[in-house]
Amino acid sequence: MRIVIALGGNALLRRGEPLTAENQRQNVRIACEQIAKIWSNNELVIAHGNGPQVGLLALQGAAYKDVPTYPLDVLGAESVGMIGYMIQQELGNLVPFEVPFATLLSQVEVDKNDPAFKNPTKPIGPVYTKEEAEKLAAEKGWSIAQDGDKYRRVVPSPLPKRIFEIRPVKWLLEKGSIVICAGGGGIPTYYDEKNNLCGVEAVIDKDLCSALLAENLESDLFIIATDVSAVFLDWGKETQKAIATAPPEAIESIGFASGSMGPKVQAAVNFVKNTGKDAVIGSLSDIVDIVKGKAGTRITTKAKDITYY
């Protein structure tokens, strides 16, 4: 099968964990140990988040006063190279030596008039207390928003329209490569008045871009790997229950929180509606059973109604 795996930010850095290279490498190693279990007889494409890494690079850049901080599209490209390098190395240590890898910088077209530019919602960087966040917002002109019991910087997150490097991804898959691409939702770009491609100050949602990637690649399965075993109704309450299977229209109508499961469900629904193939949201540690259809929340046109574990 051709499988696109979208790694959540938890696969690279756990919430509240120090943003050290060693912590990130350790988490990448754990993620790759799971992915390595399904590489045989499958074509793999790996996408990933980069919110904490982009935020850290922006902070580091701001500490050097002699030049302006690099824009988010450039920082996104830097983070994709760093994360792709770690995935290539750690996964390469787990599969046969002859398996080729490639990390591609993926430019993704967005609409420069997307309303997201007037309403920043995408969290990046580390978490702060309310007092810390408000102080940084005043000093640096940031937009901030609550993220669980903490606060983070938020930036515009326009919708992805087109992935420019989709043809090279297909060529690499045809040659047997494991491909790492569309990292962090891709590098946001748009056409200016002279029809030149330009970067833009934003971060695209990783799950929505990964769904577009999976659709463009005609993937057989789209997996959104996160830190929970499934999509839950009444999450955190005594009445919570895990969804096993669901038709796209039914799970879309539930209305999950925009700051947590909402974008993941919408991305999975988009892929299923546009392709007729299945998408699964579940834990990376269950990836073998996810591929076998035994774990995670499977969104599929074959389902007549929502079922539960």
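## Pairing of S5 and S7

Pro123 stands opposite Val154 of strand S7. This pair belongs to the contact between S5 and S7 (residues 150-155), two strands that run antiparallel and are joined by four bridges. The model described here is predicted.

S5 and S7 are part of an open sheet of three strands, ordered S5-S7-S6, with antiparallel pairing. S5 and strand S6 (143-147) stand at the edges; each has a single partner strand, so one side of each lacks a neighbour in the sheet. Averaged over the sheet and with direction ignored, neighbouring strands are turned by 40° against each other. In general, the strands of a sheet pair through backbone hydrogen bonds, in either the parallel or the antiparallel sense.

## Helices against the three-stranded sheet

Two helices are described in relation to this sheet. H2 lies across S5 and S7 and runs at about 70° to S5. Helix H4 (residues 130-140) packs on the sheet, where it touches S5, S6 and S7. The direction of H4 makes about 120° with that of S5.

## Domain arrangement

The domain assignment of the protein chain gives domain 1, which covers 2-111 + 160-308, and domain 2, which covers 121-155. Taken over C-alpha atoms, the centres of domain 1 and domain 2 are separated by 23 Å. The contact between them takes 16 residues from domain 1 and 16 residues from domain 2.

## The second largest pocket

The second largest pocket has a volume of about 230 Å³. Its lining consists of 16 residues, of which Ala58, Ala62, Thr69, Trp142 and Arg153 are the closest to the pocket centre. Both domains contribute to this lining: domain 1 (2-111 + 160-308) and domain 2 (121-155) each provide at least three residues.

Among the secondary structure elements, H2 and H3 each supply at least two residues of the pocket lining. H2 gives the most, with four residues. By residue class, the lining of this pocket divides into ten nonpolar, two polar and four charged residues.

## The second largest cavity

Two cavities of 30 Å³ or more are counted in the model. The second largest cavity has a volume of about 30 Å³. Gly55, Leu59, Ile124, Gly125, Pro126, Tyr128, Trp142 and Arg153 form its lining.

Helix H2 (51-62) and strand S5 (122-128) each supply at least two residues of the lining of the second largest cavity. The largest share comes from S5, with four residues. In composition, the lining of this cavity has five nonpolar residues, two polar and one charged. H2, a contributor to this lining, is also the helix that lies across S5 and S7.

## The largest cavity

About 50 Å³ of space lies in the largest cavity. The cavity is lined by Asn50, Leu72, Asp73, Gly76, Gly184, Gly186, Ile187, Pro188, Ala202, Val203 and Ile204. Helix H3 (72-92) and strand S10 (187-191) are the elements that give two or more residues to this lining. H3 gives the most, with three residues.

The lining of the largest cavity divides into six nonpolar, four polar and one charged residue. H3, which gives the most to the lining of the largest cavity, also supplies at least two residues of the lining of the second largest pocket.

## Pairings of S14

Strand S14 (residues 241-246) takes part in pairings of both senses. With strand S13 (residues 232-233), S14 pairs in the antiparallel sense over two bridges. Within this pairing, Leu233 has Lys241 of S14 as its bridge partner.

S14 also runs antiparallel to strand S17 (residues 307-308), to which two bridges join it. Here the bridge partner of Ile243 is Tyr308 in S17. The pairing of S14 with strand S16 (residues 297-299) is parallel and likewise extends over two bridges. Thr245 stands opposite Arg298 in S16.

Conventions
Residues are numbered from 1 along each chain as its sequence is written. This is a predicted model: local features need pLDDT of at least 70, side-chain atom pairs count only at pLDDT 80 or more; totals for chains, interfaces and linings use all residues. Side-chain values use heavy atoms; hydrogens and water are left out. On a 1 Å grid over the protein atoms alone, a cavity is a set of points where a 1.4 Å probe fits but cannot get out, and a pocket is an open set with protein on both sides within 12 Å along at least five of seven lines; lining residues have an atom within 4 Å of a point. Grid points are joined across faces, edges and corners, and a volume is the space filled by probe spheres set on the points. Ala, Val, Leu, Ile, Met, Phe, Trp, Tyr, Cys and Pro count as nonpolar, Asp, Glu, Lys and Arg as charged, and the others, Gly among them, as polar. Two strands pair if DSSP finds at least two bridges between them. Axes are lines fitted to C-alpha atoms, for helices over the stretch in contact, and angles run from 0 to 180 degrees between N-to-C directions. Contact means heavy atoms within 4.5 Å. Domain bounds come from an automatic or database domain assignment.
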